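Visitor: I would like to go through the labels used for this model and hear what stands behind each of them.
Guide: Please take a look at it, and then ask.

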Amino acid sequence: MTRHEDNNAVFTRRDGELHVEGVSLTAVADRVGTPCYVYSRAALEGALDAYLDALAGCPHLVCYAVKANSNIAVLDVLARRGAGFDIVSVGELERVIAAGGDPGNVVFSGVGKQAAEMRRALEAGIRCFNVESAAELELLNGVAGDTGRRAPVSIRVNPDVDAQTHPYISTGLKENKFGVDSDQAMDVFARAAALPHIDVIGMDCHIGSQLTQIAPFIDATRRMLALVDRLAGAGIHLRHLDLGGGLGVRYRGESPPPVHDYIAALRDCIGDRQLELILEPGRSIAANAGVLLTEVLYLKRTPAHNFALVDAGMNDLIRPALYSAWQDIQPVVEGTGGTTAIWDVVGPVCETADFLGRDRELTLSPRDRLAVMGAGAYGFVMSSNYNTRGRAAEVMVDGGQIHVVRERETLADLLRGESRLPE
Ligand SMILES: Cc1ncc(COP(=O)(O)O)c(C=O)c1O
Ligand SMILES: N[C@@H](CCCC[NH3+])C(=O)O
């Protein structure tokens, strides 16, 4: 795998059979069973390298957004390659530490941080708290004082720009719950600078996810820089600017800007200001580094519709049900015959919204394996046990090797901690 290759280049078809790196997906399904998430180490590394290469020569830290895919093996691969991490809970911090990541390269985002989480993050020595409200700032100052530490702080500013993405994943508009209103930002920074246990070191924003154009990023960056300059005028000098994540990927017809163009545009805005640039990409690192493997259980043809019932459902991959997201569905083995039709690929969950894809032209037989593409981000992490279904296994392919990096959940896992009432 050379650097900069498109992540999709590691998912290739050879003799009609879909492979990830050097391994056939049939081999993975035979060994691990379905449903199962399969990630490519080379694809993860290639995606991170695109960021690191584009940032060369500029002080930077790429903090992979753990929420996109928090499997410890994924974090391990990225940490070894030089990534920092953006976390939103103490749980994600513990994952980073378990994966061998350096807490000194962790930024802590999130609107609802609790005192115990702050305490643990201070103790671990994280790089920065991305503070999202005046109230959070006061609590953090108190917790830092109690622990005898100073808290490094960035204030998340809501720049009020339209990210032009799905409303559920748009975060930088005035009406969204995220960050400090840009009109109140100067006051919050001034308060932070005056608090005894806070070190003000940065400013951050994150305007939304799956952005396919550069313009909203530039718009947000300019608004942030105007504030950075005003703060400098008021004697508050920041060390870093964190522009969040949000760069989109191609699921179907989208053509998001290449990482290189996106970063060149950001660097151009920053100009010769002495600021470290922090980014928090999630989806653009992980989405196209993973697929969800599933098997056809039954084919059901009705006068109204053709249903392919598969063993993965909305509890495994909720994006289609939640956002009407479209993800490509490919047969693992092509050309084996079967019924060619327009199918709704649906799961076993008792909900009409339980579909992985609708109106897909496929040639199918029962027991065929299918791969839902682009499932490496916001896939397993959003899965649930709805209908008392165990969560899928996760696999990391590395060259010719298959590593099971999360066992499939068993019934015992699902019932753990529950009990009947006493007699
Ligand atoms: C604060 C923050 N940073 C980074 C990300 C990662 O975003 P994406 O996966 O779109 O790159 C998110 C999620 O949207 C976020 O809320
Ligand atoms: N879960 C969303 C992305 C959320 C981004 C989190 N801030 C998706 O699958 O598209």
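Guide: Tyr323 sits in helix α11 (residues 319–323); a helix here is a DSSP run of H or I with at least four residues, a strand a run of E with at least two, both numbered from the N terminus. The model is predicted: local features need pLDDT of at least 70, side-chain atom pairs count only at pLDDT 80 or more, and totals for chains, interfaces and linings use all residues. Residues are numbered from 1 along each chain as its sequence is written, while chains are lettered from A and ligands numbered from 1 in the order in which they are written.

Visitor: Why is Tyr323 called partly exposed?
Guide: A residue is buried if 20 or more other C-beta atoms, placed from the backbone, lie within 10 Å of its own, exposed if 12 or fewer, and partly exposed in between. Tyr323 has 15 C-beta neighbours inside 10 Å, so Tyr323 counts as partly exposed.

Visitor: What makes Lys67 and Arg283 buried?
Guide: Lys67 has 21 C-beta neighbours inside 10 Å and therefore counts as buried. Arg283 is buried because 27 other C-beta atoms lie within 10 Å.

Visitor: Where do Lys67 and Arg283 lie?
Guide: Lys67 is in the loop between β5 (60–65) and α3 (72–80), and Arg283 is in helix α10 (residues 283–286).

Visitor: Which residues is Lys67 in contact with, leaving aside neighbours within four places in sequence?
Guide: They are Val88, Glu92, Gly282 and Val381; contact means that the two C-beta atoms, placed from the backbone, lie within 7 Å. With that exclusion, Tyr323 is in contact with His166 and Tyr168.

Visitor: What surrounds ligand 2?
Guide: Its shell is Lys67, Ile169, Ser209, Gln210, Arg319, Tyr323 and Tyr378, where a residue is near a molecule if its C-beta atom, placed from the backbone, lies within 6 Å of it. Domain 1 (7–40 + 287–415) and domain 2 (109–281) each supply at least three residues of the shell; the domain bounds come from an automatic or database assignment.

Visitor: What does UniProt say about Lys67?
Guide: An unreviewed UniProt entry places "modified residue: N6-(pyridoxal phosphate)lysine" there; such positions follow the numbering used here, feature names are shortened, and annotations may be inferred rather than shown by experiment.

Visitor: Which residues does the UniProt annotation "binding site" cover?
Guide: In the unreviewed entry, they are Arg283, Arg319, Tyr323, Glu351 and Tyr378. They span 96 residues in sequence, and the farthest two C-alpha atoms are 26.9 Å apart, so they do not all gather at one spot.
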